[in-house]
Amino acid sequence: EAKAHEYPWQIVLLKRNYAVCSGALINKMWALTTAHCISNIDPSVMTVTLGDYNLVKSEGTEQTVVPDKVYVHPKFNHSTTDSDIALIKFKEPITFTLAIKPIALPSDEQAQVGMYCIVSGWGKRSLVADDRPDILRQAVIPIVSNKECNEPIAYKGEITKRMLCAGYKYGGPDACTGDSGGPLSCLRASRKAKQEWFLAGLVSWGSRCGSPFKFGVYTRVSCFREWIKD
């Protein structure tokens with residue numbers, strides 16, 4: 001389990017009050033998630049909760065907002081899951097608190113192979129049915145090269161340069177069903193005393209959570225900085 005509000009940029013997307021996906025807060029008006037999470041949800045039945053930790057208990061830190069607009073990346077491809085990213089614009093700005101803070105966007109090629117990062121979410125703990133936790137969970141996972149991720153024993157060339165892989169070669173902690181859209185957060189090595197978290201990826205897809213050679217596949221956020229800024 002994560003500590004309460006350890007990842008204050010973590011948001012949860014609800015469709016008619018049921019948690020469907022996660023996302024990451026990037027400023028007072030905008031959040032990022034994956035396109036496959038929201039491309040077929042009518043924004044009028046969607047809400048976003050920030051500052052949450054236990055989904056079934058009110059902690060008094062939550063803010064729930066209504067999306068004003070949802071922008072799915074124009075090149076998002078349903079069949080290959082390429083360019084799996086979407087922006088959510090809120091109707092009004094949210095208030096930052098200790099439990100609600102944005103995460104920085106990555107600079108170019110900041111997420112280095114071998115770097116250990118954190119994936120967090122309320123997704124299943126395993127492929128067993130209905131094993132969804134109420135409390136936010138986290139896993140520490142290393143970033144893997146696209147070359148290794150594209151090997152025949154892994155994803156056989158399906159990984160594009162807009163994707164990023166992370167996880168353990170012989171199986172281990174991984175994102176799973178229900179974690180989609182959530183952040184892969186990495187610590188920026190900084191000369192300043194205070195280290196800064198940045199958003200390396202968004203949970204996109206994978207095969208059989210935590211299985212050998214089936215790394216978790218994430219949207220490589222650095223490839224979309226210009227689109228996000230526009």
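The hairpin of strands S1 and S2 has two residues between the strands, and arginine 16 there takes a positive phi near 50°. Strands and helices are DSSP runs numbered from the N terminus, with at least two residues (E) for a strand and at least four (H or I) for a helix. This is a predicted model, in which local features need pLDDT of at least 70 and side-chain atom pairs count only at pLDDT 80 or more, whereas totals for chains, interfaces and linings use all residues. Residues are numbered from 1 along each chain as its sequence is written, and side-chain values use heavy atoms, with hydrogens and water left out.

**Overall form and confidence**

- The protein's secondary structure comprises three helices and 13 strands.
- Along the principal axes, the C-alpha atoms fill a box of roughly 45 × 45 × 35 Å.
- Of the 230 residues, 49% are buried, where buried means under 20% relative accessible area, exposed means over 50%, and partly exposed lies in between (1.4 Å probe, protein chains only).
- Among contacts (heavy atoms within 4.5 Å) between residues at least 6 apart in sequence, 68% join residues at least 24 apart.
- The mean pLDDT, the predictor's confidence in each residue on a scale from 0 to 100, is 92, and 96% of the residues reach 70 or more.

**Strand S2 and its partners**

- Six of the eight residues of strand S2 (residues 18–25) are buried, so this strand is largely enclosed by the rest of the structure.
- Strand S1 (residues 10–15) pairs with S2 in the antiparallel sense over six bridges; two strands pair if DSSP finds at least two bridges between them.
- Within this pairing, leucine 14 has alanine 19 of S2 as its bridge partner.
- S2 also pairs with S3 in the antiparallel sense, over two bridges, and the two form a hairpin with four residues between them.
- Leucine 25 stands opposite alanine 31 in S3.

**Strand S7 and its partners**

- Strand S7 (residues 86–90) has four of its five residues buried, so it is largely enclosed by the rest of the structure.
- Strand S3 (residues 30–33) runs antiparallel to S7 and is joined to it by four bridges, with threonine 33 opposite alanine 86.
- Strand S6 (residues 67–72) is likewise antiparallel to S7, with five bridges between them, and valine 70 stands opposite isoleucine 88.

**Aromatic pairs and a charge over a ring**

- Rings of Phe, Tyr and Trp (its six-membered ring) pair if their centres lie within 6.5 Å; planes under 30 degrees apart count as stacked, over 60 as edge-to-face and the rest as tilted. By this rule there are six aromatic pairs.
- Tryptophan 9 and tryptophan 197 form a tilted pair, at 5.9 Å centre to centre and 45° between the planes.
- This pair links distant parts of the chain, 188 residues apart: tryptophan 9 lies in the segment before S1 and tryptophan 197 in strand S12 (residues 196–205).
- Tryptophan 9 is buried at 5% relative accessibility, whereas tryptophan 197 is partly exposed at 26%.
- Tyrosine 170 and phenylalanine 213 form an edge-to-face pair, at 5.7 Å centre to centre and 80° between the planes.
- Tyrosine 170 lies in the loop between strand S10 (163–166) and S11, and phenylalanine 213 in the loop between S12 and strand S13 (216–220), so the pair ties together parts 43 residues apart in sequence.
- Tyrosine 170 is exposed, at 63% relative accessibility, while phenylalanine 213 is partly exposed, at 21%.
- Tyr7, Trp9 and Trp197 form one aromatic cluster.
- Lysine 28 lies over the face of phenylalanine 96, at 5.2 Å from the ring centre; the criterion is NZ of Lys or CZ of Arg within 6 Å of the ring centre and within 35 degrees of the ring normal.

**Positive phi values in loops**

- Most residues other than glycine have a negative phi.
- Threonine 81, in the loop between S6 and S7, has a positive phi near 60° and is buried, with a relative accessible area of 15%.
- Arginine 208, in the loop between S12 and S13, has a positive phi of about 50° and is partly exposed, with a relative accessible area of 48%.
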